[in-house]
Amino acid sequence: MAFSIATLSTMCVTVLFVFSAMCGIALSISRYSIPEEMKEGSVVANLATDLGLDVRSLVTRKAKLDIIHSKKYLDINKETGELYILEKIDREYICSSKTTSCFLKMDVIFENPIRIFNIELEIMDINDNAPVFRRETMYLDISESTAPGERFSLTNAVDADVGANSIKTYYLSKSKSFTIDIQTGSDGSKYVDLVLNSNLDREEQALHNLILTAVDGGVPARSGTASIIVRVLDINDNAPLFNQPIYTINVTENSPIGTLVMTLNATDLDEGINADIIYSYTLYTSEKTQEKFSLNSNTGEVKVKDVIDFEESQSFDIYIQARDQGSNSLSGDCKIMLFVTDLNDNYPEVTIKSFKSTVNEDVDIGTLIALISISDRDSGVNGEVELSLNNQATLPFALNKSSPDYFALLVSETLDRETIPRYEITFIVKDKGTPCLSDNETITLEILDVNDNAPIFPQSFYTIHVLENNVPGALLTSLSAFDPDLHENQYLVYFIMEKEIINTSMSMLFSINPENGNLYALKTFDFEREKEFLFHIEARDSGLPPLSSNVTVHIIILDQNDNTPLIVAPWRAQGSLIEEVIPRSIDKGFLVAKVIAIDADSLQNSRVTYQLLQISDSTLFSLDQYNGEIRTSRMFSYRDPRQQRLVVVAKDNGDPALSATVTIKISTVEHMVTAFSETTEVPLEYDLFTDLNLYLVIGLGSVSFLLLITILVVIVLKCQKPKPIKMPPAMNMNLNSLNRNSVISRNSIISQRSSTIADSTLISSDAYWYSLFLAETRKGKVVVRQPVVPKGAGYFVSSIPRSGGPTEISDSRASTLQFST
């Protein structure tokens, strides 16, 4: 850094080229020498020229500089081919050893083709570091009795530079008592010793400040300094001495223990242990005085040790001696005259004579809580005392003065533990002295709980939805109430208030956990039987007397699609096939049959739709998906089979949907007896199955059997006529009677075909008989839509009461089932 630009330009740069070839890659070693601390951007050499390369090839061949085991201090200017300084180079940072030579190795790498050039950059040292002492300040303790000629080793300086730039010599500041002696080590390092020239006198000069300078051999030279502080050790030749022989001090009575009265300061011209002073009482100081005041033997501090009372003693005399710690110790004495100052030093006192730490929250107004007394040891105005309560405006208590020095604490307002469970009551007592003194006393009053709060439910009405077919014992909800009271007054027990529904107690349907209010269902509910429940639950605490409150619970049973549609028309025995006979000459739109299914569920779960699951000829029949009517889509042709088979499925609208199927076998004949053209509605009354017994069932069975025998006789007589109409055998199969589902409707309708029995059989010449449908209405009537019966023919209807309630049947469009009004 000390070199100028002119100096750098005159420096010789040594370049050595060594070329060799190995495996097709040309290698060369170039060496350059530069001084350290060159400025950034300084040019070291022109690599393109030194390596014999074209400058333009630096870019095309992707030349790059790679420094080995170091930072990137240099870089290549690819436009000029120059090797320049990218970052200042510090020789002492790169080469930390004391070696005189320092090299920075790097590689210049070219691609296409690959060639590597090795470069060694020698970093020349410059005098850029000044000598530095390991210790900036050196301390030496020398006794004043030390003989001249004594030598003392000093810490030497170090220089990061090498060679001529390292340390050359040392210099000492001017001193009549000390000189230095410089010595050279085997490695050329310089060492220095401090030599005493004359006797030291501490009383004349106790401290010597010297400056040691180290100078290197650089041009220009650099230097470093260190401070040498020589302390002269004393001998014990001076006695301790107080500032004055007698001290007069005032102290206030009742000063706090530890109060500093004064600090004694005896001086000794000596040093070290010769000036280390110890303070102590002399024999002239009384024991009583030593009990009232303490003396610190090291610092000379006099402090209050015990209570000082002006009425007891108005003054004290204290005698103190100061002695040094030298081998031949010396001492000095002084006297302290201490006068006590009287003042209002007694604080008023408040005393709790009696105290109730706990009271019930329903305690009466005027109840005594505590009895308090006040006092002050002072007299006159300083002894007059006043008592008050802290934050009295917010407290439900009042002070009543029963005598000059006694007060009673009374309840002044109604207490409520739920609002404030505890009171911190502070009594403040003040005197009328100057300055005013005060004191306070705090008591804690606990308010005990009484059972004055009934349990509280979060809401007064609970609506709970329960899906039917629930699992018995399932948790419905938790009806937890809150009671702000404590302990047993807060412990709640839950009950179901008894109520009977259809001779069934609520406790048989539901159960509640008496401890936490969890409500459970004890049975499985059926929406088709039970729609809802309304009852009350009571929460009762365990206080005396107990308090309670209740809440209304509304249980709503939700419907589940758990009932499969039941096909009630056309009726068939279990597992049997429905057979219908129709003429082949019918027109398009002829009503072949009507399928009716009922579902015990409600709403969407009971809505039934109809679909054809199987059909012999899809062009011949159609099915209305809403009312279940099966009609012909066209007229029969001679190619159509005489028998058709249909499978109809009735499916509800639940999720998942449930379904039932019915199979209808349709037979066609060439000629049919003319069907009745008009229909009449015959309302039929039925009664609930309440009083019928087994004898009625046997009677109805006997009548049905006799009717069947009569029908068979009529058929035989008709077949004996001269010109009988030839009919297919299928006409004789169940064309004269339809039995209805006894499980759903509990009714039986028996119609027979006869020409001789009036009002008990129905005679018709049609091949197709309309289905007879039974339906229950809310009014309990059954309506049968039937063809008008000529010549007194009719239906024989048997009504069997049911054990259960009525079941609703959905009404379909264009249905033959009618409800009476």
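The model is predicted: local features need pLDDT of at least 70 and side-chain atom pairs count only at pLDDT 80 or more, while totals for chains, interfaces and linings use all residues. Residues are numbered from 1 along each chain as its sequence is written, and side-chain values use heavy atoms, with hydrogens and water left out.

Of the 821 residues in the chain, 40% are buried (under 20% relative accessible area, 1.4 Å probe, protein chains only). Seven helices and 54 strands make up the secondary structure; these are DSSP runs numbered from the N terminus, helices being H or I of at least four residues and strands E of at least two. Among contacts (heavy atoms within 4.5 Å) between residues at least 6 apart in sequence, 68% join residues at least 24 apart.

The largest nonpolar core has 28 residues, and V44, L74 and L121 touch the most other members. Such a core is a set of buried Ala, Val, Leu, Ile, Met, Phe, Trp, Tyr and Cys residues joined through side-chain atoms within 4.5 Å. Elements giving two or more residues to this core include β2 (25-35), β7 (103-110) and β8 (115-124). Leaving aside residues up to four places away in sequence, L74 touches V44, L65, I67, L83, Y84, I85, L86, I89, L104, M106 and L121. Another core, of 26 residues, lies apart from the largest one and has F457, L492, F510 and I557 among its members.

An open sheet is formed by four strands in the order β25-β27-β30-β29, with antiparallel pairing. Two strands pair if DSSP finds at least two bridges between them. The edges are held by β25 (349-355) and β29, each with a single partner strand, so one side of each has no neighbour in the sheet. Direction ignored, neighbouring strands of this sheet are turned by 30° against each other on average.

| Strand paired with β30 (residues 406-411) | Bridges | A bridge partner pair |
|---|---|---|
| β27 (residues 368-375) | five | S373 and Y406 |
| β29 (residues 397-403) | six | N400 and A408 |

Both β27 and β29 run antiparallel to β30. A hairpin of two residues joins β29 to β30.

Conventions: Buried < 20%, exposed > 50% of the residue type's maximum accessible area, 1.4 Å probe, protein only. Axes fitted to C-alpha atoms, helices over the stretch in contact; angles between N-to-C directions.
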